[in-house]
Protein chains: 2
Amino acid sequence: MDERVREHADVLVDWSARVEEGDDVILSVGPDAHELAVAVAEKLGERGANLLATYSTGEITRAYLRAHDGDFDENPAHERALFENADVYLSLGGGRNTSATADVPSETRQAYGNARTEIREARFDTRWVSTVHPTRSLAQQANMAYEEYQDFAYDAILRDWESLADEMANMKDLLDGGSEVRLVSEGTDLTMAIDDRTAVNSAASVAYDSHNLPSGEVFTAPYATEGEVTFDVPMTLHGEAVRNVRLEFDDGEVVEYDAEQGADVIEEILETDEGARRLGELGIGMNRGIDRYTDNILFDEKMGETVHLALGRAYDACLPEGESGNESAVHVDMITDMSEDSRLEIDGEVVQRNGTFRWEDGFEA
Amino acid sequence: MDERVREHADVLVDWSARVEEGDDVILSVGPDAHELAVAVAEKLGERGANLLATYSTGEITRAYLRAHDGDFDENPAHERALFENADVYLSLGGGRNTSATADVPSETRQAYGNARTEIREARFDTRWVSTVHPTRSLAQQANMAYEEYQDFAYDAILRDWESLADEMANMKDLLDGGSEVRLVSEGTDLTMAIDDRTAVNSAASVAYDSHNLPSGEVFTAPYATEGEVTFDVPMTLHGEAVRNVRLEFDDGEVVEYDAEQGADVIEEILETDEGARRLGELGIGMNRGIDRYTDNILFDEKMGETVHLALGRAYDACLPEGESGNESAVHVDMITDMSEDSRLEIDGEVVQRNGTFRWEDGFEA
């Protein structure tokens, strides 16, 4: 076994999920994540946690959903009971085909999701962490050779998370103290209110309200968005290529949109519900271990010198106690490159220019 | 997809487990049983059942058990809740190495099993069915080419179960009406009491108290065993080859044993507990679709012209209401060939000679 697989398991179990003796752990395993699952199982055994492995693959989902009449039972009791009694949920993504569910009608997918709200909430109530095992299918999606992709993925995952958390604390402090964020770049001039919102220092650990491995971003829940933004980082949404999406906001809501490619997908997303036309997240990518786009949001949105915005649902961790933020059935992240001719301002003060933060060498206010 | 995979899924879901709309189904998937799992998922979708897939592999079990200190939590809440809320449990065996857990100490394995009694009971309370997907690893264990093994497995699985059930009803009637069974073959002359016991017509369906696919045996729970038996069908027990085991019974209990190979494994089994020295099962193999030994008990014990006896636990279905039969932590089946110089008698009457039953052509009393 590649020693990095074991290191990945160590980071996931100890740093990310903080697994302790007696924890009831659900380990969700993709077909090609088997090797990582074995390493994680070993680690869970060492910790004296209790392990139940589930199997997650688009191919089973596709077969099931396409055969079903679409009238799904609400929150099946066995699955709900499993999640309600779990302490930790570790998702090890690793399919064989990132397009495995491409021919499942979106209504079916949506009906299935809607019937499982309480299961999803029970899952979010655990110490959950999503990661991926570097697979050939993900390498292909990234246009990379397999070994090249492994190097890329482990550079992103096997970081000194403690010191990255310290650096990201600078950004969190600025956002927590600020009232308004402004993004300026080619095709982008956008302002958002962040008053009363709390930023999450997403350091790939549940101890930081962070549930992705890799992570490496600071995010908050903006509102009252005004202006325009262009997402110039190419990506795949709902199985379709999307290029240069431009959104125009007025009073917090999208009032105009276009895209060089994939405008129909954007339309579909915007029409999901009212919340889908408002922002749920502003995230600032700070993981410099991620040095290129790989068409995988888990990595892309964490990349240094980028920012991302999500249409749809806001995370509770960013909101004042007891207040609910933007609500929606969707949460769709899109990314803007900030490495050139760009600046990020908080309350009129430049905190990042051309990708360089104010606490870094070479920063020019 | 090989059309037989779909037929296998049809038999499993409809004939074996009798899945209905709204059933909460756990689908346990081995790594190489993926293709069958996809076919079963499709069928479960058609039926409107609710699907949760678990992942079952010796490699994860091994890593977990070897790393654990051996002091296991009793019946972890998440897994127990899952099984207690399930209606159906379908196990699709299909690992990549039948010896994957060979280096797990037997004490660890036993401690793990003992800590999970209630989970196991909850599983037995569902409509559970065990089957296997024909894999390369099982082909290897059977000393067969892969395609040859597929043909073998589907011959055993894709039977006309209804008509086999009708034929097996003859045997069940004889056992239900009888008081004593006698087996005579080379190295075997054994009598067992079956008074008050009910035979199970194991026709690969929960509707017949039968939980294996393939099945094709009639079994009961004997007691007061006297005499000697030789198990001349070669098999692997606890990862070790076992050949020509001979047991001698007095007053229902093993009083002597030897074996041409693997005597230490037999000793280990006999010393598990008191019940391990008594019989829990007499089974009569009646599936003529199984025409050779493949060192896989799921198939071997169902083979036509064989009988098998199990040391250890008896099945409740064979016992008078409210009565408990032989109890043990183990249930170990061993097989005797009855095709030559052999007879099976019930109350002194020959019902099978040299493999031929009394209702079949060529039978000689």
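This dialogue goes through several features of a predicted model, one at a time.

Reader: Turning to charge, which residues form a negative surface patch?

Author: The patch is made up of Glu107(A), Glu240(A), Asp264(A), Glu267(A), Glu268(A) and Glu271(A). Helix 10 of chain A, which covers residues 263-270, gives the most to the negative patch, contributing 3 residues, and Asp264(A) is found in this helix.

Reader: How many salt bridges are there over all chains, and which residue pairs with Arg292(A)?

Author: In general, side chains of opposite charge can pair when their charged atoms come close. Here the count over all chains comes to 61 salt bridges, taking a nitrogen-to-oxygen distance within 4 Å as the cut-off. In one of them Arg292(A) pairs with Glu148(A), and their closest N and O atoms are 3.3 Å apart. Because Arg292(A) lies in the loop between strand 14 (279-285) and helix 11 (297-300) of chain A, while Glu148(A) belongs to helix 8 (residues 146-157) of that chain, the pair ties together parts that are 144 residues apart in sequence.

Reader: Then the backbone: where is a cis peptide bond found in chain A, and which residue of chain B has a positive phi?

Author: Most residues other than glycine have a negative phi, and most peptide bonds are trans. In chain A, the bond from Leu213(A) to Pro214(A) is cis, with omega near 5°, and Pro214(A) sits in the loop between strand 8 (212-213) and strand 9 (217-220). In chain B, Leu213(B) and Pro214(B) are likewise joined by a cis peptide bond, with omega about 5°. The positive phi belongs to Asp196(B), at near 70°, and this residue is placed in the loop between strand 6 (188-193) and strand 7 (200-202) of chain B.

Conventions:
Residues numbered from 1 in each chain as written. Chains lettered and ligands numbered in written order. Predicted model: local features only at pLDDT ≥ 70, side-chain atom pairs only at ≥ 80, totals over all residues. Heavy atoms only, no water. Patch = residues over 30% accessible without salt bridge, like charges linked within 9 Å, V, L, I, M, F, W, Y side chains within 5 Å. Areas by Shrake-Rupley, 256 points an atom, 1.4 Å probe, with all protein chains shown as cover. Salt bridge = Lys/Arg side-chain N within 4 Å of Asp/Glu carboxyl O. Lys, Arg positive; Asp, Glu negative; His and termini not counted. Charge placed at Lys NZ, Arg CZ, Asp CG, Glu CD. Helix = DSSP H or I, 4+ residues; strand = E, 2+ residues; numbered from the N terminus.
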